[in-house]
Every structure is written in structure tokens, then in C-alpha cells.
Amino acid sequence: QPPRHASPGNRAWAALLLPHQPSGTPTHWLSSESGDTLAFEAAREGVPPEALRMVVGRVVAVAGPVHVAPADTGRGCTTANPYNLSAGETYCVVHAEVVLAHRWAGL
């Protein structure tokens with residue numbers, strides 16, 4: 001995703017089959033905890049997280065939907081708008097167990 005939508009230490013991941021906002025940004029975002037786990041697993045395998053093009057995982061929980069209020073925009077990534085989305089957009093946060101591609105055989 002464009003860097004303006006990624007808060008510090010967080011990664012935005014969207015599945016191809018999920019809906020998207022009118023602006024083109026995803027409606028579902030990987031939680032910061034899941035992003036940290038993904039970065040840890042990638043580092044353990046010697047793969048930089050930014051080199052990953054696809055991940056497979058199990059969805060544990062989905063929080064939301066959260067509606068972005070006009071007062072929560074225009075300030076970059078904040079607690080109230082962690083993905084720097086436009087006013088009126090709605091998003092969900094996905095908590096997932098991530099699995100790197102070479103480990104898919106056991107799923």
C-alpha cells in the first residue's frame with residue numbers, strides 16, 4: 001500500500017478478493033500485532049518483509065467496521081485513524097496467524 005497509509009511499525013496488507021474503498025485503499029487491514037508476527041517470521045527465514053508479495057494465514061478475529069470521522073483526517077496516521085484514510089471510509093482490522101509460502105503444505 002502507499003506509504004501514507006502505513007503507520008510507523010505497521011504494515012497494510014489486503015487480499016485481492018476483499019472489497020476496497022472508492023479511493024482504492026483496502027477495507028481490511030492487518031493488525032499491528034499480526035504485522036509484527038509477520039515481520040518476525042520473515043526475519044527468521046531471512047526474508048525482508050517488504051520483499052513479501054503474498055502471505056497466507058488464518059483469520060483469528062476481525063474488529064470493526066470502524067467509520068473514519070471528518071475530525072480524524074488530515075493529520076496523518078493517528079490513534080483514531082491509524083491507516084490515514086479519508087473521511088467517510090470504513091475499515092476493519094484483521095487479526096491473523098500468518099504462514100510463509102514455503103510452509104503452506106501443512107495447511
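**Strands and the sheet**

Two strands pair if DSSP finds at least two bridges between them. Helices (H or I, at least four residues) and strands (E, at least two) are DSSP runs, numbered from the N terminus. This is a predicted model, in which local features need pLDDT of at least 70, side-chain atom pairs count only at pLDDT 80 or more, and totals for chains, interfaces and linings use all residues. Residues are numbered from 1 along each chain as its sequence is written, and side-chain values use heavy atoms, with hydrogens and water left out.

An open sheet is made of 3 strands in the order E1-E3-E2, and its pairing is mixed. Strand E1 (28–30) and strand E2 (56–67) are at the edges; each has a single partner strand, so one side of each lacks a neighbour in the sheet. From one strand to the next, the twist averages 30°. E2 and strand E3 (residues 90–99) run antiparallel and are joined by 9 bridges. Arg58 has Glu97 in E3 as its bridge partner.

**The helix on the sheet**

Helix H1 (residues 32–44) lies across E1 and E3. Its direction is at about 30° to E3. For such angles, axes are lines fitted to C-alpha atoms, for helices over the stretch in contact (heavy atoms within 4.5 Å), and the angles run from 0 to 180 degrees between N-to-C directions.

**Aromatic rings**

Rings of Phe, Tyr and Trp (its six-membered ring) pair if their centres lie within 6.5 Å; planes under 30 degrees apart count as stacked, over 60 as edge-to-face and the rest as tilted. The structure holds 2 aromatic pairs. Trp29 and Tyr83 are stacked, because their ring centres are 4.6 Å apart and their planes are at 15°. This pair links distant parts of the chain, with Trp29 in strand E1 and Tyr83 in the loop between E2 and E3, 54 residues apart.

The rings of Tyr83 and Tyr91 have centres 5.3 Å apart and planes at 85°, so this pair is edge-to-face. Trp29, Tyr83 and Tyr91 form one aromatic cluster. Buried means under 20% relative accessible area, exposed over 50%, and partly exposed in between (1.4 Å probe, protein chains only). Trp29 is buried at 0% relative accessibility, and Tyr83 is buried with a relative accessible area of 4%. Tyr91 is buried as well.

**Cysteines**

The structure holds 0 disulfides (pairs of cysteine sulfur atoms within 2.5 Å). Cys77 is partly exposed, with a relative accessible area of 29%, whereas Cys92 is buried, with a relative accessible area of 12%.
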